[in-house]
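Reader: I've never looked at this one before. Could you walk me through it, one question at a time?

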Amino acid sequence: MSKNKQKSVARSILSWIAYIAAIVILSFLCVTFVGQRTKVIGESMYPTLYDGDQLIVDKISYRFHEPKRYDVVVFPYRYEENKRFIKRIIGLPGETVQIRDGEVYIDGEKLDDPYSEIVGPMNEAGMAKDAFTLEEDEYFVLGDNRNNSKDSRFQDVGPIHRDELIGRAWVRIYPFSEFGFVAHGDKK
């Protein structure tokens with residue numbers, strides 16, 4: 001093989017290696033800082049999300065704005081490595097939260113919560129039976145299927161700290177028949 005041909009082959013191989021390295025680095029950066037795929041396990045977010053739904057979690061938007069009430073967020077479960085929870089933000093930092101007669105009260109006012117209308121009043125108030133005030137970096141989260149959800153009402157989950165939020169559920173990618181954006185805000 002001639003020297004020119006050897007150099008050409010070497011350049012081609014180096015070009016492919018650089019191309020593959022760039023793809024690996026970009027993929028790592030996207031998964032680490034921009035978005036990540038996650039799977040819904042269980043029915044705590046029914047009827048918004050179903051067991052087996054696959055989602056893309058937006059990990060970047062909370063770098064530019066604060067989480068809002070009714071955002072669907074993903075966060076790690078504190079007591080089990082690699083386990084993530086998906087819940088809806090109900091209480092914001094500094095607010096006083098209480099659950100009375102199956103309804104959520106924020107700062108003493110009954111929350112006009114469209115999600116509680118879907119599945120009815122909560123049977124269990126948990127630690128929110130008595131009013132408590134969230135710290136300046138804490139959020140109170142509930143599953144949409146309130147009577148079948150392990151959420152901030154329970155001691156092992158409790159209020160979620162801002163730095164625990166992995167991101168906001170963004171798009172359902174599977175099943176394909178349900179492909180679309182995840183409902184946030186006051187949408188049902």
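Reader: Let's start with K150: is K150 buried, exposed or partly exposed?
Author: First, a word on the ground rules: this is a predicted model, where local features need pLDDT of at least 70, side-chain atom pairs count only at pLDDT 80 or more, and totals for chains, interfaces and linings use all residues. Residues are numbered from 1 along each chain as its sequence is written, and side-chain values use heavy atoms, with hydrogens and water left out. The labels work like this: buried means under 20% relative accessible area, exposed over 50%, and partly exposed in between, with a 1.4 Å probe and protein chains only. K150 has a relative accessibility of 38%, so the label is partly exposed.

Reader: Which residue does K150 form a salt bridge with?
Author: A salt bridge here is a side-chain nitrogen of Lys or Arg within 4 Å of a carboxyl oxygen of Asp or Glu. For K150, the closest N and O atoms of the pair are 2.8 Å apart, and the partner is D156.

Reader: How many residues apart are R168 and D71?
Author: The side chains of these two meet in a salt bridge, 3.7 Å from N to O. R168 sits in strand β11 (residues 167-174), while D71 is in the loop between β2 (54-58) and β3 (72-76). Helices (H or I, at least four residues) and strands (E, at least two) are DSSP runs, numbered from the N terminus. The pair links distant parts of the chain, and the separation is 97 residues.

Reader: And is D71 buried or exposed?
Author: The relative accessible area of D71 is 3%. That value makes D71 buried.

Reader: What about R78 and E164, how many residues apart are they?
Author: R78 and E164 form a salt bridge too, with the closest N and O atoms 3.0 Å apart. R78 is in the loop between β3 and β4 (84-91), E164 is in the loop between β10 (160-161) and β11, and the two are 86 residues apart.

Reader: Which label does E164 get, buried or exposed?
Author: R78 is partly exposed at 36% relative accessible area. For E164 the relative accessible area is 16%, so E164 is buried.

Reader: Over to the aromatic rings: is the pair of Y46 and Y50 stacked or edge-to-face?
Author: Rings of Phe, Tyr and Trp (its six-membered ring) pair if their centres lie within 6.5 Å; planes under 30 degrees apart count as stacked, over 60 as edge-to-face and the rest as tilted. By this rule there are seven aromatic pairs. The centres of the Y46 and Y50 rings are 5.4 Å apart and the planes stand at 75°, so the pair is edge-to-face.

Reader: Is the pair of Y77 and F85 stacked or edge-to-face?
Author: Here the ring centres are 4.9 Å apart and the planes are at 20°. Y77 is buried at 11% relative accessibility, and F85 is buried at 8%. With planes at 20°, the Y77 and F85 pair is stacked.

Reader: Which residues do ring pairs link into a cluster?
Author: One member, F75, lies in strand β3 and is buried at 1% relative accessibility. The cluster linked by ring pairs is F75, Y77, Y79 and F85.

Reader: Which residue does a cis peptide bond join to Y46?
Author: Omega of this bond is about 5°.

Reader: Where is D101 found?
Author: Phi of D101 is near 50°, a positive value in a residue other than glycine. D101 is exposed, with 77% relative accessible area. Its place is the loop between β5 (96-100) and β6 (103-106).

Reader: Last one: what separates the C-alpha atoms of L14 and T96?
Author: L14 is in helix α1 (residues 3-34) and counts as exposed at 57% relative accessibility. L14 and T96 are 82 residues apart along the chain, and their C-alpha atoms are separated by 60 Å.
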